[in-house]
Amino acid sequence: MLQHYNSNSMKQHTIGYRFIVLGFICLLLSISFGLIASLQYIFPNLLADRLSFQQTRPLHVFLAVNWIFACVTGIMYQYMPEVAGKQLYSPLFAKVHFGLMSLTILIATVGFSMGSFSGREYLEFPPWVTIIIIAYWVLFCINFLRTVNPKLKGAPVYIWSWSVGLIFFLITIVEAHLWLLPFFNDNIIRDVTVQWKANGSMVGAWNMLIYGTAMFAMERITGKKEIGHQKTSFAFFFLGLTNLMFNWGHHTYIVPASPVVKEVSYIISMTELILFVNIIMKWKKGLLRDANDTNPLAKRFFMSADRWILLNLALAIAISVPYINQYTHGTQITVAHAMGATIGINTTLLLASVTFIFENKLKDIGKKIIIAGLRTMNVSLLLFWASLIAAGIIRSIATQQNEYFSVMTPKLLPYLRSFSVFGVFLVIGIMAMSFTYLRVIIGADRHSVKDEIGQSVPVTSQ
Amino acid sequence: MGKVLTIIVLFSIYVIYSGWVFSPGTSSGVRMTQKAINGKNLWHSNNCQNCHQVFGLGGYMGPDLTTVTTDKSRGKLYAKAMLMNGGTRMPNFHFTENQADELVAYLDYVNNASTLQQQ
Ligand code: HEM
């Protein structure tokens, strides 16, 4: 039986909403800093004294990662009681989690703006902040375990996916700080390899969380519970997990660590993502067959994520081939890979879940804005992505010819300019969707506060 | 194989593999001098990897610096001059001569480590 997602069915949903709002705030700030960063490529002196590229890049990337984490956390808090069929174990833990996460975002953002860095790629905040991150993540894990109480044996695949994502985030955030020990810090080969290992697997961990939410939403939309229990779904889940654990080495082809690392990761990388495409295709078939479609908008997002998965899959597999990697590594092709995946796949899937939760609260005009925003995002992202690849190809050729960097940069500029211009449209598309959702979510949050103090609120269910 | 068993086996392989990567898989015969260690600290506190890569790790605005100290077209003197004066996009950090030397010593250590391929 088809169900409209019933977001009024639990009273604690406000905490999920708050995380989603926090996520959107991070996203809006992140894309603003990203836009400034891209302009600084073209105008090196832009804001050089106040907000230089040294600040805008870490701000952009840190806030983008926190958009992903805050949003997926909010969606999980929203789904957990629904999956478990009971209330959240500890709303207090969830509130503390929210407070601590907001605090770390504030500390890092203020720190970066003031030019304070630990100097580690992607995790430039002071190492002690990690203690707060670990603390709130443990609270999140306890809440998940006690609410969902996963008995893995009979559990659907998304519960496995969430469990693995939660655990691996803890493992990788600790691993990313092993450099604090001289044994790691004093040997550059070990230091760099372990950083790549931790960062690569951390991306795998957040993918597990996002894929879990996507699978849950699709199960609800299609009404086909059996897919989450099928053998093939699990086979793909395990392949995904194997990739999370072992494929990170494709980042380290140029590091003179043991060749075994490269061989293992090359073999594993080649199986990458095909897994998820396959799962998605299956779900999609189910989705499309649905005549009584109650979530047409969420479906659009899922289908558009599909296309991005395919495109990024092709690029990821290509640059994981050592022969190709030697030319592409260190160029804007890697940036295309990173942003193609975090925007095209992660952000689209997160927006799909947000849409699934709030679709029935959107007015007609809101729906129109969302559709226009999604279209703008898709078209501009494609051109943004292609500009980066073009810049990367030019850079790769110039590097092979041993050109001075100051000679090659002007050759990249036309492509970096188009990257910036399409970036503006990307920002417009994302902003249009974000503000529309923020209005709906904040409105729904107020509505639910009324609900808690006992006023009657119509519950939409079918 | 059951699902729970599969996950236990995978996780055990992961733990063993990680232990191997942390130690013999990444051993290196090249040691850092105190000067290079100071240079590494400067590298991190000034967030150089925001624009530069060393072994592929880092941002993309500037060139890869893994072998800057021995490249035919660049070399130590070129690197030091850039550090002392900045460039079009490379900021001038107003380093003292000693700090610039420490950074070059670090980059030289990176270069030496990069040429020693493990077998
Ligand atoms: C949802 C939106 C976005 C996400 C999730 C995102 C994510 C990321 C990530 C993960 C990186 C690191 C790439 C790497 O180190 O390989 C990055 C870098 C960057 N992004 Fe974005 N991004 C987003 C939107 C934008 C927009 C709209 C712009 C510009 C208009 C932009 C401009 C940049 C720039 C200039 C860099 C630095 C590249 C370099 O190191 O030279 N991003 N972004």
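**Fold and ligand site**

Modeller: In chain A, 83% of the contacts (heavy atoms within 4.5 Å) between residues at least 6 apart in sequence join residues at least 24 apart. Please note that this is a predicted model, in which local features need pLDDT of at least 70 and side-chain atom pairs count only at pLDDT 80 or more, while totals for chains, interfaces and linings use all residues. Residues are numbered from 1 along each chain as its sequence is written, chains are lettered from A and ligands numbered from 1 in the order in which they are written, and side-chain values use heavy atoms, with hydrogens and water left out.

Colleague: How many helices and strands does the secondary structure of chain A come to?

Modeller: Chain A has 15 helices and zero strands. Helices (H or I, at least four residues) and strands (E, at least two) are DSSP runs, numbered from the N terminus.

Colleague: What percentage of chain A counts as buried?

Modeller: Of its 462 residues, 61% count as buried. Buried means under 20% relative accessible area, exposed over 50%, and partly exposed in between, with a 1.4 Å probe and protein chains only.

Colleague: Now the metal. Which residues coordinate the iron atom of the ligand?

Modeller: A:His60, through NE2, and A:Met339, through SD, coordinate the iron atom at 2.0 to 2.2 Å. The two residues come from distant parts of the chain: A:His60 is in helix H2 (residues 53-84) and A:Met339 in helix H13 (residues 332-358), 279 residues apart. Donors are N, O and S atoms within 2.8 Å of the metal (3.2 Å for Na, K and Ca); water is not among the atoms, so sites may look incomplete.

Colleague: And what is the geometry of the site?

Modeller: The site is octahedral, with angles of 86 to 179° among its six donor atoms. Six donors count as octahedral if opposite donors are over 155 degrees apart and all others between 65 and 115. The ideal angles for six octahedral donors are 90 or 180 degrees.

Colleague: Are the two coordinating residues, A:His60 and A:Met339, buried or exposed?

Modeller: A:His60 is buried, because its relative accessible area is 18%. A:Met339 is likewise buried, at 16%.

Colleague: How many residues surround the ligand?

Modeller: There are 28, counting residues with a heavy atom within 4 Å, and the closest are A:Tyr41, A:Arg57, A:His60, A:Tyr122 and A:Met339. The surrounding residues come from chains A and B, so the site is shared between chains. H1 of chain A gives the most to this shell, with seven residues.

Colleague: What distances do A:Tyr41, A:Arg57 and A:Tyr122 show to oxygen atoms of the ligand?

Modeller: For A:Tyr41, a side-chain N or O atom is 2.5 Å from a ligand oxygen. For the polar side-chain atom of A:Arg57 the distance is 2.6 Å, and for that of A:Tyr122 it is 2.8 Å.

Colleague: A change of topic: where does A:Lys197 lie?

Modeller: A:Lys197 lies in helix H7 (residues 188-222) of chain A. This lysine is buried, because its relative accessible area is 0%. Leaving aside residues up to four places away in sequence, A:Lys197 touches residues that include A:Glu175, A:Trp248 and B:Tyr14.

Colleague: And where is the place of A:Arg120?

Modeller: A:Arg120 is in the loop between helix H3 (91-113) and helix H4 (129-148) of chain A. With a relative accessible area of 2%, A:Arg120 is buried. Among the residues that A:Arg120 touches, not counting those up to four places away in sequence, are A:Asp191, B:Lys40 and B:His44.

Key. Tetrahedral: all angles 85-135°; square planar, octahedral: opposite > 155°, others 65-115°. Polar contact = N/O pair within 3.5 Å; in protein donor to acceptor, adjacent residues only side chain to side chain.
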